[in-house]
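User: Could you walk me through this model, starting with its open spaces and then going on to the helix packing?

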Amino acid sequence: MILIIGFVLISLFTIIAIPFTNNKWKAILVFAALSINVIISSYFAIQTLGGQSFEFIFGGSIITRLIPVRIDALSGWFMLVINFIFITGGFYGLFYMNTYREQKNNLTLHGISYILLHAAMTSLCVIQNSIAFLIAWEFMALTAFLLIIFEHEKITTISAGINYLIQSHIAIVFLMIGFMWVAHKTGSYDFNAITSYSSNNGAVAIVLFLCFFVAFAIKAGFVPFHTWLPYAHPAAPAHISGIMSGVIIKIGIFGILRMLLLIKPDFTIIGYIILVISIISGLYGVILAIVQHNLKKLLAYHSVENIGIIGIGIGIGCIGLGTHNQILAISGFTGALLHVLNHALFKSLLFYTSGNIYLSTHTLNIEHLGGLIKKMPQTAFLFLIAAIAICGIPPFNGFISEFIIYNGLYQWMQDALLMSSITVIISILALVAIGGLALLCFTKAFSVVFLGNPRTQIHHEIKEVSFFQLIPLYLIALFIVIIGLFPQYFLTILSQPTSLFTSVYSTSTVVSQTIFFEMLQSISWAAMGLIIIVGIVFLIRKQVQKRQTITHEPTWGCGYVAPTPKMQYTASSFVRTFTKLFGMMLLFHKKVKHIENIFPKHAHFESHSDDKIEKWFINYPLMAFKSFLGKFRYLQNGNLQFYLLYGIIFIVLVITVPLIYNKIGELISFLNQL
C-alpha cells in the first residue's frame with residue numbers, strides 16, 4: 001500500500017516540479033522519476049510472476065464507491081514490458097529531444113505527458129473498477145495525443161493526432177456501453193460483476209465480449225480498426241513512436257486477455273472470430289507495409305501485422321480451451337504473450353533506429369536515402385538485427401514466439417476434424433505468407449536505406465549519433481538475442497500468466513514435451529553458430545587482406561559510360577512485381593512527368609499507396625455524412641431574423657412537446673380504462 005501511494009506522490013511531485021525546472025534538467029527529472037516508478041511497479045510485477053498476487057482496496061467517491069487494485073501474473077507481465085520500453089524510450093529521448101531544447105513550453109508539456117502516460121498505462125493493468133478504468137483510459141488517450149502532436153506546427157501532425165484522439169474515444173464509447181450494461185444489471189462497478197453477470201448466459205457472454213473486443217481492437221490496431229496507426233506513428237517523435245508501437249497498442253491486447261479471464265464466453269466461437277480477424281490483420285498489414293515509402297509508416301503497418309500474429313496465438317489458445325486441447329491452449333497463449341514482449345523489443349528498436357536516420361538526414365522518405373551503412377554503421381547493424389527478428393528468422397526472438405504458435409497449430413492438426421484441418425492449413429499458410437512478405441519488406445527497407453549510394457544530395461554532414469544514445473538500442477538488441485538463444489527461461493516466467501487461462505502451472509514443461517519444441521533451441525544455436533563461423537571467416541579475411549595491396553576499380557556499368565545513383569533499385573522498383581501481383585488489394589496514386597524528346601532534361605515519377613479499408617469504411621461514410629449535412633447549409637444564412645425565428649421555434653417546441661406528450665399519455669390511459 002505504501003509503495004502504491006509512493007508511486008502516486010512521485011508522479012504528482014514530478015508533474016508540479018517540471019514547469020519550474022531548467023530546460024537542461026527537465027528530461028533528467030522526468031527520467032529519474034520514471035525510474036523510481038518503474039522500480040516500484042516492477043517489484044509487484046516480479047512477485048506476481050513468482051506466483052504471488054496482490055489486492056488493495058481504495059476508498060472511492062459516491063460514483064466509484066470502492067476501487068479495487070488487483071495485481072496478478074497477467075498484470076505483472078504487461079507491467080514489466082511497459083516498464084522496459086518506457087525506460088529505454090526515456091533514455092533514448094534524453095538525447096533525441098536535444099534538437100528541441102529551445103522549445104521550453106513544448107518540453108514541459110512533453111515531460112508531464114510522458115510521466116502521466118506511464119502512470120495511466122500501469123494503472124490500466126491493475127485497476128478493476130470500471131469508472132476508474134475509464135478515467136485511466138482517458139488519461140492514456142489524452143497524454144498520448146499530446147505526445148503525438150509535439151511538432152504541432154505541422155498540419156499533418158495535428159491531423160494525425162486528432163485522428164488518433166477521435167478513434168480512441170470511439171473505443172471509449174464501446175467500453176462505456178459494456179461497463180454500463182454490467183453496472184445496470186448488477187449495480188456494481190467491480191470487474192468481478194462482469195464475471196457474475198455473464199457466467200449464466202452464453203449468448204450474453206459472447207455479445208458482451210464482442211462489445212469489449214471492438215473497444216480494445218481499436219487500441220490494438222486489428223483490421224479494420226487500424227487506420228489511426230499509419231498516421232500517428234510517423235507523426236510522433238521517434239521514442240514516442242517506439243512506445244506507441246511497443247506498448248500502447250499492447251494495452252488493447254491486455255484488455256482482450258483480461259476480458260477472456262472475466263467473461264469466459266464460448267471459447268471455440270470467440271477463438272474462431274479472433275483467428276479470422278487476426279489472419280486478415282497480419283496479411284493486410286504486411287501487404288500495405290511493403291509498398292510504403294515513409295520508413296515510419298512502413299513500420300506502423302508492420303505493427304498491424306504483428307498484432308495479427310499475437311491475435312492468431314490468442315485465437316488458437318481460445319480454441320484450445322473450447323476443445324479441451326491443453327497443448328493447443330498453452331501454445332497459443334504462451335506464443336501470444338511472448339510475442340507481446342518480442343514485438344515490443346524489435347519494433348521499438350526499429351523506431352529508435354529510424355529516429356537516428358531522421359536526426360542525421362532530416363528525411364524518412366526511403367526513396368531519398370541510400371548508402372547510410374558507410375556513415376551510420378552502428379545504426380545499420382542494430383536495424384538489421386531488429387529486421388531479422390521481426391521476420392521470425394533464428395537465432396533472434398521473433399522466431400521463438402512464432403515457432404511456439406506454429407507448434408500449437410501442428411499439434412491441433414493431429415486430432416482435428418475436416419473443418420478444423422482446413423482452418424489449421426489456412427492459419428499455417430497465413431503465417432508462412434506473413435513471414436515471407438515481411439522478409440521481402442525488410443530486404444527492401446534495409447537495402448534501399450543502407451546499401452548502395454545516396455539517391456539524393458543531402459547538404460549537411462551525415463554522421464552516427466552519440467554512443468550514449470545508442471546504449472538503450474544495444475540493450476534492446478541484447479534481449480532480442482538472449483530470448484532467441486535461451487527461450488526456456490522466458491517460457492518458465494510465462495508459466496504463471498498462461499496458467500491463468502489454462503490452469504496448468506508448468507506450461508513450459510508441457511510445451512517442451514512436444515516434438516517440435518525439441519528442435520527450437522537447436523535451431524537457434526545452429527543459426528548462431530553459422531553467424532559466428534561467418535564472422536570468423538570475415539575476420540580471417542580482414543587479417544589476410546592487411547598484408548595485400550587492394551585496388552579499387554569502378555563497378556562495370558553494363559555499357560553505360562555515366563552511371564548514376566538513379567540506376568539503382570528504388571523502393572518502388574524493388575517491389576514492382578509484388579505490386580502487380582497484389583494490385584487489386586492496393587490503391588495507388590501516381591504523378592508522372594512524361595519523357596519528351598531524345599535527350600530529356602527532366603523526368604519525374606512518384607507513387608503513393610493508400611489504404612482501401614480506410615477509404616471504404618471511413619472516408620466514404622464521412623464524405624456522405626458531410627454531403628448530407630451540406631443540404632442544410634441554407635439554415636446558416638447569416639440573416640439575424642432567421643436566427644431569432646429559430647430561437648422562437650425552439651422555445652415553442654420545448655413548451656408544447658411535453659404538453660402534447662402528457663395529453664397523449666392521458667388519452668392512452670383513458671382508452672385502456674374503456
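User: What volume does the second largest pocket have?

Analyst: In this predicted model the second largest pocket has a volume of about 740 Å³. On a 1 Å grid over the protein atoms alone, a pocket is an open set of points with protein on both sides within 12 Å along at least five of seven lines, a cavity is a set where a 1.4 Å probe fits but cannot get out, and lining residues have an atom within 4 Å of a point. Grid points are joined across faces, edges and corners, and a volume is the space filled by probe spheres set on the points. The model is predicted, and local features need pLDDT of at least 70 and side-chain atom pairs count only at pLDDT 80 or more, while totals for chains, interfaces and linings use all residues. Residues are numbered from 1 along each chain as its sequence is written, and side-chain values use heavy atoms, with hydrogens and water left out.

User: Which residues are the closest to its centre, and which element gives the largest share of the lining?

Analyst: Phe7, Val8, Ala119, Ser123 and Ile127 are the closest to the centre, out of 27 residues that line this pocket. The largest share, seven residues, comes from α1, and at least two residues each are supplied by α1 (2-17), α2 (23-49), β2 (66-71), α4 (104-126) and α5 (130-148). Helices (H or I, at least four residues) and strands (E, at least two) are DSSP runs numbered from the N terminus.

User: How does that lining divide by class?

Analyst: The lining of the second largest pocket has 22 nonpolar residues, five polar ones and no charged ones, where Ala, Val, Leu, Ile, Met, Phe, Trp, Tyr, Cys and Pro count as nonpolar, Asp, Glu, Lys and Arg as charged, and the others, Gly among them, as polar.

User: And how many cavities of 30 Å³ or more are there?

Analyst: The structure holds one cavity of 30 Å³ or more, and the largest cavity has a volume of about 30 Å³. Its lining is made up of Ser130, Phe179, Val182, Ser188, Tyr189, Asp190 and Ile194, which divide into four nonpolar, two polar and one charged.

User: Now the packing: at what angle do α10 and α13 cross?

Analyst: Helix α10 (residues 238-263) and helix α13 (residues 326-361) cross at roughly 165°, and their axes come within 6 Å. Axes are lines fitted to C-alpha atoms, for helices over the stretch in contact, and angles run from 0 to 180 degrees between N-to-C directions. That crossing makes α10 roughly antiparallel to α13, given that angles under 35 degrees count as roughly parallel, over 145 as roughly antiparallel, 65 to 115 as roughly perpendicular and the rest as oblique.

User: Which residues make the contact?

Analyst: With contact meaning heavy atoms within 4.5 Å, the residues involved include Ile243, Ile249 and Leu260 of α10 and Phe333, Val340 and Phe351 of α13. The residues of this contact of α10 with α13 divide into twelve nonpolar, eight polar and two charged.

User: What about α3 against α10?

Analyst: Helix α3 (residues 73-96) and α10 pack at an angle of about 170°, with their axes 9 Å apart, and that makes α3 roughly antiparallel to α10. Among the residues in contact are Phe78 and Phe86 of α3 and Val247 and Phe254 of α10, and the contact divides into 16 nonpolar, five polar and two charged.

User: Where are the cis peptide bonds?

Analyst: One joins Val223 and Pro224, with omega about 10°, and Pro224 has its place in the loop between α8 (202-220) and α9 (229-235). Another joins Pro394 and Pro395, with omega about 15°, and Pro395 is found in the loop between α15 (377-390) and α16 (397-414).
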